[in-house]
Amino acid sequence: MGIMSSLFDKNKRILKKYSAITKQINALSKEMESLPAEKFPQKTEEFKERLKRGEPIDSLMPEAFALAREAAKRTVSMRPFDVQVMGAIALHEGKIAEMKTGEGKTLVATMPMYLNALTGKGAHLATVNDYLAKRDANWMGPVYEYLGLTVGYIQSSMEPSTRKLAYQCDITYGTANEFGFDYLRDNLVYDLENKVQRGHHYVIVDEADSILIDEARTPLIISGPSSDSSSMYRQFAFIAKRFTVDEDFTVNEKERTVSLTDKGIEKAERLLNIENLYDPNNYKYLFHLLNALKARTLFKRDVDYIINDGEVIIVDEFTGRLLPGRRYSEGLHQAIEAKENVKIREESMTFATITFQNYFKMYEKIAGMTGTAATEEAEFISIYGAEVVVIPTNKPVIRKDRDDLIYRTLEEKYEAIVSEIEERYKKGQPVLVGTTSIEKSELLSSKLRKKGIPHEVLNAKHHEREAEIVAKAGEKGTITIATNMAGRGTDIKLGEGVTELGGLYVLGTERHESRRIDNQLIGRSGRQGDPGESRFFLSLEDDLIRLFGGERIGSVMNTLRMKPGEPIEHPLLSRIINSAQKKIEGIHFSIRKRLYELDSVVDKQRSAIYAHRDWLLSGENFDDHVKEIFEDVISRRLDELEELPTQEELKKLFSFIPAKLLESVNAKNMSSLKDGLMENLLKVYNEKKEEFAEEFTKVFKFLMLRMIDERWRKHLEAIEHLKDSVGLRAYGQKDPVIEFKKESFTLFQDMIDGLYDDVVTVLTRLVKIDSEKVEKKAKSEINNLNYVHSDFSAVSSKTAEKKGTHKSAYRKRFKIKR
């Protein structure tokens, strides 16, 4: 029995159970219809009381869902269908609900969000962009308010005070990025009052496959500036032009890497006037050269990025959106800036980082909804412990999905696409054309303009008009060219007379690396039982086919003696393309798995550091903690000794402590030496407490936090280098993950040891300072942080610098690495 057949057998059992619960909910409809408006908030209070008395939340589900369903009917004039109620049950149970496009996922979420918010701990809904977060919160807000709950939403440009209010609400909508960054920012504050989040209770992730799987390759990173000369990037951009592909270096497009040949190494050593490029002292030269070559060959203008106002702006590979302010990581962005001869911005240092996997696993319960999830169930279960439930559509899907047409060349393919669009346009049938990049959407647009075919272009350059264009994409005679961004969270309704013409025709100009992205595009058509049609036009020169199967298809074409301009169409070829997509998905899965395994090690360390920070912020019981630190610092050095050290040896062992504290200790054995040192350190500690009086707690707390943050920053930097180096251990028959676990544990222990030593150093030398001035400086550093979303591949992303005049504690350049 195949995986899919066993999944659907299991699915039938789950749906049968949900169907029985839905009948219970339907039986309560009449009772809820008879309730006057003022009774709805009263029922909410009653539910809250029952939960406080210990009643299980599941037993409230039928009543709560029936009440929320009636509230939706009264406020937004939409009563959830039975299949939508079944989707809501799956979400309440912490499962991933696969629901086809146009099945009303936004409405489905209201029921489990309402039920889980009754605990008073808050419920979050994570979407893919700010536009959807705001739209859905405003659209569904009246439902929650009618029930007596409060609703808030987060936007990337929001002030911390406004964010805090949004998190105080019962229901909070926001992007996955903002939820993650708010968590990281909360662990950089110097005062508990400045934290905005209030815990992680229940979350529904909209477009779960995109956020929890595709985007899981990209850790969220908060970074600050570090110094590296821009002249070096320019020098290497110039040098890179003198290197010849395949002669001096090779390019691996699948892995997106470049490697120098022996000839290339010799050339580099000659140009740089060095003896050995691989000498550790010359590592930065190698790093800069490889980045310059990558920038030259692997990253293409108007495909991977665009230049706007002298700035390199990344184009999101999944959605086609521009990502202003986001940066490629590890100096690659600067290499591209040098190649394009625009201003080079400085590199950055990591302050805090977390992956989506580890962020969302902090929630007590996580659920997700998407149009495409069943193929990824194994990954959802292994990482998030969430099963996939395929929810049936309200009406059967009658869309016709045609076999792919494959042409020899790009030129032949585009000619066929234009004539197909022209034919449909004359007929009056609306067409949605899906492209994989801005460059391709604009190329196609220029070809249609030459033919005089009116059309709209929906890509990252015009996203302000996105909603307006999408709303009209199903009208008669409308041609819409869209990058992948149109495939998520947008609903295309058919205009008058379009049903008779065959509904919306989706024309794909290229297969995406991920089958799910293709399925999302196809799913724009045939929503809620509407007619529709879809077809992909491909060529042997498309990246996906060229890299993963073009030779096989090319030989078939030669065997059949195909004429130029004549396509080949066969289910077998669609299967070859499908297997190519599976190969790439496999590569991406292994990257995500490795990232997850490595980050899970760091996650335990991060949790320990953040818990310690929270304890410090609460300002409780410092005395006992300081005593523990003193004991650790003393015993760590003395326990290894076999005999009593001399005064000189003691000074070397405790070089970070003032000598006078050591000289006054007269010890006859190891035990009395430890006691003497402890006594002296505690004496200094108590003297400082007296000297600083009521200011001591504030000053000490602040200094401890500064030291923790500084040490953690350096630790993260060391971890990044370790990630890079452990990959090579596989050549020595060692498991990189086990090696990483061992070495990162040692690094963490060293960090804690160094931190404790720092605390003793500072405490014994503490003098009265203008603490407010120092605190201001520290906070100003925090204000200049960047918010980065960074791939294990070269690419990294950074959220945009917000241009505004707010005197905000969070006014900074947002970097998000990919």
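Reader: What makes the contact between the side chains of Arg185 and Glu178 a salt bridge?

Author: In this predicted model, the side chains of Arg185 and Glu178 come to 3.4 Å, N to O, and because a salt bridge requires such a nitrogen and a carboxyl oxygen within 4 Å, the pair is called a salt bridge.

Reader: Are Arg185 and Glu178 buried or exposed, and how do you know?

Author: Arg185 has a relative accessible area of 4% and Glu178 has one of 3%; since buried means under 20%, Arg185 is buried, and Glu178 is buried too.

Reader: Why is Lys48 counted as buried, and what is Glu45 called?

Author: Lys48 has 17% relative accessibility, which is under the 20% limit, so Lys48 counts as buried. Glu45, with a relative accessible area of 44%, lies between the limits of 20% and 50% and is therefore called partly exposed. The side chains of Lys48 and Glu45 meet in a salt bridge at 3.7 Å, N to O, and both residues lie in helix H3, three residues apart, about one turn of the helix.

Reader: How do you know that Glu597 forms a salt bridge with Lys593, and where do the two residues lie?

Author: The closest N and O atoms of Glu597 and Lys593 are 3.4 Å apart, and as the cut-off is within 4 Å, the pair is a salt bridge. Both residues lie in helix H24 (residues 571-618), four residues apart. Glu597 is partly exposed at 28%, and Lys593 is partly exposed at 40%.

Reader: How many salt bridges does a search of the whole structure find?

Author: The search finds 51 salt bridges.

Methods. Residues are numbered from 1 along each chain as its sequence is written. This is a predicted model: local features need pLDDT of at least 70, side-chain atom pairs count only at pLDDT 80 or more; totals for chains, interfaces and linings use all residues. Side-chain values use heavy atoms; hydrogens and water are left out. Buried means under 20% relative accessible area, exposed over 50%, partly exposed in between (1.4 Å probe, protein chains only).
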